[in-house]
Amino acid sequence: MDQIGRARDLARLVLAESIPRRWVHSQGVGRKAESIAHLIGDDASALVAAAWLHDVGYAPDLVVTGMHQLDGARYLRDVAGLDDLVCRLVANHSCAHVEGRNRGLVEQLGNEFPPADEVLSDAITFADMTTSPDGEPVEVEWRLAEILSRYGDGDLVAESIREASPLIIGSVRRISARLMAN
């Protein structure tokens, strides 16, 4: 089975029953990544696989640190045995380093899963942050507001997203510009 098919099947297995709304979101993110994969070149399949898997760390059985990016990447590396680049993209998606710093996990995150290059990092952030929880395309500003509303003031995730918002918007704008140029 190819890398993308395996990723899709694994995401379904981990998310579909335990947290169905995350599964719906992950399907939308996977589709969005497929639509921009032509911008990535040789690493396109890693991007799409990571997009399908980016939220597996929310699955109740996988939560260890409470940081879904790190928990998911560790599961994908240690249990599923997936490609290093896929794991790095999952670990670092959507400016995870900000949440990692706020949780005291940034050193572990960076040592275990060094960030991918900017275009790949921007691409997975674009796919995630322009897809609603229901898997539908949305503007990045809407998505950021939705996350802040869902978690609420004072929540570590909300505060991390608030802090990362300019970086996330920058990623989305860079990928949007690449799409317009192609």
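## Salt bridges and surface charge in a helical chain

Glu159 is partly exposed, with a relative accessible area of 33%. In this predicted model, Glu159 pairs with Arg162 in a salt bridge whose closest N and O atoms are 3.5 Å apart. Both residues belong to helix 10 (residues 156-181), where a spacing of 3 residues separates them by about one helical turn. Arg162 is likewise partly exposed, at 37%.

The protein chain contains 10 helices and 0 strands. The C-alpha atoms fill a box of roughly 40 × 35 × 30 Å along the principal axes, and 54% of the residues count as buried.

The count of salt bridges is 17; three of them are tabulated here.

| Pair | Closest N to O distance |
|---|---|
| Arg77 and Glu112 | 3.1 Å |
| Glu159 and Arg162 | 3.5 Å |

Arg8 lies in helix 1 (residues 3-15) and Glu34 in helix 2 (residues 20-36), so this pair ties together parts 26 residues apart in sequence. The bridge between Glu112 and Arg77 joins helix 7 to helix 4 (residues 68-78), and its partners are 35 residues apart in sequence. Relative accessibility is 24% for Glu112 and 32% for Arg77. Through shared partners, Arg74, Arg77, Asp78 and Glu112 form one salt-bridge network.

Elsewhere on the surface, Asp42, Asp43, Asp83 and Asp117 gather in a patch of negative charge. Asp117 sits in the loop between helix 7 (106-112) and helix 8 (118-129) and is partly exposed at 44%.

Note on methods. Residues numbered from 1 in each chain as written. Predicted model: local features only at pLDDT ≥ 70, side-chain atom pairs only at ≥ 80, totals over all residues. Heavy atoms only, no water. Patch = residues over 30% accessible without salt bridge, like charges linked within 9 Å, V, L, I, M, F, W, Y side chains within 5 Å. Areas by Shrake-Rupley, 256 points an atom, 1.4 Å probe, with all protein chains shown as cover. Salt bridge = Lys/Arg side-chain N within 4 Å of Asp/Glu carboxyl O. Lys, Arg positive; Asp, Glu negative; His and termini not counted. Charge placed at Lys NZ, Arg CZ, Asp CG, Glu CD. Helix = DSSP H or I, 4+ residues; strand = E, 2+ residues; numbered from the N terminus. Buried < 20%, exposed > 50% of the residue type's maximum accessible area, 1.4 Å probe, protein only.
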